[in-house]
Amino acid sequence: MASSPTPILSSPHELVGTPTKSEPNNNNARPARRPRPQRPNYKHIHRFPLPLTVHPLPPLIPHNPLSIISVVLSYLTYFITPPQQEIYAAYFDSATSSIHVTDEKAIRALWEMGFFGKGTLSRSQPSWLEREKKRRGLLGGQTNEELTRQRRTERRELKLERARMEKVAIEQRLKAEAAARESGTTPADQTSAVLPTDSLANGAAVTLEKFSLRKAREAKLLESQRSKGKEDGEQSISSPAKEPAGKTVRFSSIVHEKEFSSDSVIVRLPEPAQVDDSVEAKQVDSTLKNEEHLQLSNEEAFFLAYALGVLHVFDDGHKAVVPPTALLPLFCHTSYYPSRSSSMILQPDDPFLVSYVVYHHFRSLGWVVRSGVKFGVDYLLYNRGPVFSHAEFAVVVIPAYEHTYWSETLERRAYCESKQARSWWWLHCVNRVQAQVKKSLVVCYVEVPSPASHELEQDSEDIGALLSRYKVREMLLRRWVPNRTRD
């Protein structure tokens, strides 16, 4: 007897686990998407690119003489009552060789105006206090870290569901081919054939096309709706159970009241004293202390203290302010591991000097510069900031010894080669990682001056003249893909 023909899909987009016609129509509807939480107005929060107080002049219109008067009045107002620039305080921690900001106002200002620093108890933005309040139920909604964690968990579960569905589809396909070989018939279209199976819920159809996460999500929601409908139907059909005679214990849903009945005696326990939720929340909110502070890198702290002049860095004892002329040798000595002695002479290729030149260079061009250690590079360049978009470029800093001083002797040449040594495999791995995360790799060569000129500028204590001795050369690398570069 010939076997019945295998049913064919009417549409290639038919979902796995589609309910049959005998099921109610409410299961056929596509599950509604969850509304996304309202995002903060980042354009208004981060409207200032740097923590500076800016007072723009009124527009000057040549054919309008009154505009000249407004410009003159603004100048007079500025000279009579000059605005005060906000100065933020930080302290240097010798244990971690980094700068810490503990004032909440300064933390908020430095993060919102330029994305400086990193929260010590957060991934990037200092949001530990907000997350702790939401964890205790004092605030509504979810933080960015919680949403990311929830999204990753859901995606992991959907991938497991997709793998299970693909495994079941392969098993059913093998069974269909074995049955076809035994009966001597071949399915007309094996690529789009489906087989009803009892292993899936309610005889769901299994296809051979690759299952997407969207299909796995919808199949999971439909299966949960069916299981819930079955439970409701069983509860409505089943008769209420009789209470057993003797001693019974009853608890309410809120467990505020307990009744113990033994024969005809009912004992009621006293209700606990009710506490107002708002009063309790206020008490917990008042006792909750912010344990997080902002951690600045040495390059960020020196840029804020020297280039912008908005940061005062105190020493390890929180007693005296360290001026920028003393911060530079301090950061240069601590850029080595272990830290060098303060009596040693600064070298022109100190790691801090080379990295700060690149940081100052890109910050001056308007880029938001962040650490790129998680992608194996030195810096990440953002167009506006990490809350608006991903980083566009990844920067690798390499010192370049182009001055004739570094090639005079064999020892100096060997020293320069050891500083510049990078293998081809290292470059290939870094470039491949950046291509995977859709970032362009930028190799920054910093031309190091000779030690003689470096010591001359160091003795004059002119940081601007010292930094002007360095030059930055940028080179953009892209991974060569044959399919995209064909003639």
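Me: Which strands do the buried residues of helix 12 pack against?

Reply: This is a predicted model, and in the model the buried residues of helix 12 pack against strand 14 (393-400), strand 15 (440-447) and strand 16 (471-477). The residues concerned are V430, N431 and Q434. They lie on the same side of helix 12, because they cover an arc of only 95° around the axis.

Me: How many residues does helix 12 have, and how far does it reach?

Reply: Helix 12 spans residues 424-436, which is 13 residues. From its first C-alpha to its last, helix 12 reaches 18 Å, close to the 18 Å expected at 1.5 Å a residue.

Me: Is V442 buried or exposed?

Reply: A residue counts as buried when its relative accessible area is under 20%. V442 has a value of 9%, so V442 is buried. V442 lies in strand 15, one of the strands against which the buried residues of helix 12 pack.

Me: Which residues is V442 in contact with, leaving aside its neighbours within four places in sequence?

Reply: V442 is in contact with F393, A394, V395, V396, E474, M475 and L476. One of these, F393, is 49 residues from V442 in sequence, yet their C-alpha atoms are 6.6 Å apart in space. For the chain, 63% of the contacts with a separation of 6 or more are between residues 24 or more positions apart.

Me: What can side chains of opposite charge do when their charged atoms come close?

Reply: Side chains of opposite charge can pair when their charged atoms come close. In this chain the count comes to nine salt bridges. Among them is the one between E161 and R164, with the closest N and O atoms 2.7 Å apart. These two residues are three residues apart in helix 5 (residues 144-183), so they are separated by about one helical turn. E161 is buried at a relative accessible area of 15%, whereas R164 is partly exposed at 35%.

Me: Which other residues form salt bridges, one of them including E132?

Reply: E132 forms a salt bridge with R136, and their closest N and O atoms are 3.0 Å apart. E132 counts as buried at 10% relative accessibility, while R136 counts as partly exposed at 41%. E408 and R412 also meet in a salt bridge, at 2.7 Å from N to O. R412 is partly exposed, at 24% relative accessibility.

Me: Which residues make the nonpolar surface patch of about 810 Å²?

Reply: The patch is made by L60, L66, I68, I69, V72, L73, L76 and I80. I80 has its place in helix 2 (residues 65-80). With a relative accessible area of 66%, I80 is exposed. For the chain, the accessible surface comes to about 32,500 Å², and 55% of this belongs to carbon and sulfur atoms.

Me: How many helices and strands does the chain have?

Reply: The chain has 14 helices and 16 strands. Of its 487 residues, 31% are buried.

Terms used. Residues are numbered from 1 along each chain as its sequence is written. This is a predicted model: local features need pLDDT of at least 70, side-chain atom pairs count only at pLDDT 80 or more; totals for chains, interfaces and linings use all residues. Side-chain values use heavy atoms; hydrogens and water are left out. Helices (H or I, at least four residues) and strands (E, at least two) are DSSP runs, numbered from the N terminus. Buried means under 20% relative accessible area, exposed over 50%, partly exposed in between (1.4 Å probe, protein chains only). Contact means heavy atoms within 4.5 Å. Accessible areas come from the Shrake-Rupley method with a 1.4 Å probe; for residues, only the protein chains shown count as cover. The expected span of a helix is 1.5 Å times one less than its number of residues. The arc is that of the directions from the helix axis to the C-beta atoms. Patches are made of residues with over 30% relative accessible area and no salt bridge: like charges are joined within 9 Å, nonpolar side chains (Val, Leu, Ile, Met, Phe, Trp, Tyr) within 5 Å. A salt bridge is a side-chain nitrogen of Lys or Arg within 4 Å of a carboxyl oxygen of Asp or Glu.
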